[in-house]
Amino acid sequence: MSLLHLARVKRWDKIRAVEERLQKILARAGFASRRGAEQLMLEGRVTLGGELVRELGTKADPERDDIRVDGVRVKARPGPVYLVLNKPRGIVSTRSDPERRKTVMDLVPRVAGLFPVGRLDVTTEGLILLTNDGAFAERVAHPRYEVQRVYHAKVHGVPDASALERLRRGLRVEGDFMAVDRARVVEADNNAWVELVLHEGKQHEVKRLLEAVGHPVSKLRRVAIGPVTSRGLEPGQFRALSPEEIEGLRRGDATRAGALGRLAGHRRSRAKARARPSAAPGAVRGAPARPRRAGPPRLAPRKRGRH
């Protein structure tokens, strides 16, 4: 077999590999179920390259071929997409907003069918998932699957052991019974940062619970959803989920305790960095800093975050 002929065979094999049965293509594009798509073909309502197609075994490539149903072009749908976004404060977690505010869709690539899984308040920062896979979204969002969410809340005052125990036991707030899976103080001064782990996700649940035990929330961010954490994602940044994270969310895996510790440590290290004087403008790393006029130390700009 000549090299030219071998190349042609490989090219033909590659072309054939992307072809699928027409009824499968029509079903995936949302025109009908596979059986319904077969009926469309038998009724003479499907064309391929301008010609009627009635043979059920016919194959085509939705990316390359002109497939139509009743004259309407069948467009190939993208494969499943799974993203995680670290939503900044002030961004609306819906596909569109009647008040024309910026939404999470403005921070990620335009993908057909992409939508946010659940919601975060406009004043809350942190992780939100986006996908075009409806079954995956339901698996992650529905309370019966108990996918854990981890929140860090800055509260007024410092909750004592009694307040944390009340959160774990649960309490009724405005007619709703709510409880957390775990609660702990991760940092305390005059006020505290509290970590809450829960899986239900009632409206404003974290804020309502903490206010009910006497510690109103001033800042709130979601730092983990199941095995997915915000580590390495600054507010406004997104990334694709790894295959392991996707399967972990489907299984309902919890966030690893070690990952939570690293998140809390990362937040403390950022707080310490903000308290250190910054280098003089134009300073070169490793070179002596320029003399500065006497005065209060300059603080490094604080990175804004959301839950």
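**Notes on the salt bridges**

1. Aspartate 253 is partly exposed, with a relative accessible area of 25%. In this predicted model, aspartate 253 forms a salt bridge with arginine 251, and the closest N and O atoms of the pair are 2.6 Å apart. Arginine 251, by contrast, counts as exposed, its relative accessibility being 54%.

2. A salt bridge also joins arginine 250 to aspartate 133, with 3.5 Å between the closest N and O atoms. This pair links distant parts of the chain, 117 residues apart, since arginine 250 belongs to helix α7 (residues 243-251) and aspartate 133 to the loop between β9 (125-131) and α4 (134-141). The accessibility of the two partners should be read separately: arginine 250 is partly exposed at 29% relative accessible area, whereas aspartate 133, at 18%, counts as buried, because the cut-off for that class is under 20%.

3. Arginine 45 and aspartate 70 form a salt bridge whose closest N and O atoms lie 2.7 Å apart. Arginine 45 is found in the loop between α3 (34-42) and β2 (46-48), and aspartate 70 in the loop between β5 (67-69) and β6 (72-73), so the pair ties together parts that are 25 residues apart in sequence. Arginine 45 is partly exposed, with a relative accessible area of 33%, and aspartate 70 is likewise partly exposed, with a value of 47%.

Terms used:
Residues are numbered from 1 along each chain as its sequence is written. This is a predicted model: local features need pLDDT of at least 70, side-chain atom pairs count only at pLDDT 80 or more; totals for chains, interfaces and linings use all residues. Side-chain values use heavy atoms; hydrogens and water are left out. A salt bridge is a side-chain nitrogen of Lys or Arg within 4 Å of a carboxyl oxygen of Asp or Glu. Helices (H or I, at least four residues) and strands (E, at least two) are DSSP runs, numbered from the N terminus. Buried means under 20% relative accessible area, exposed over 50%, partly exposed in between (1.4 Å probe, protein chains only).
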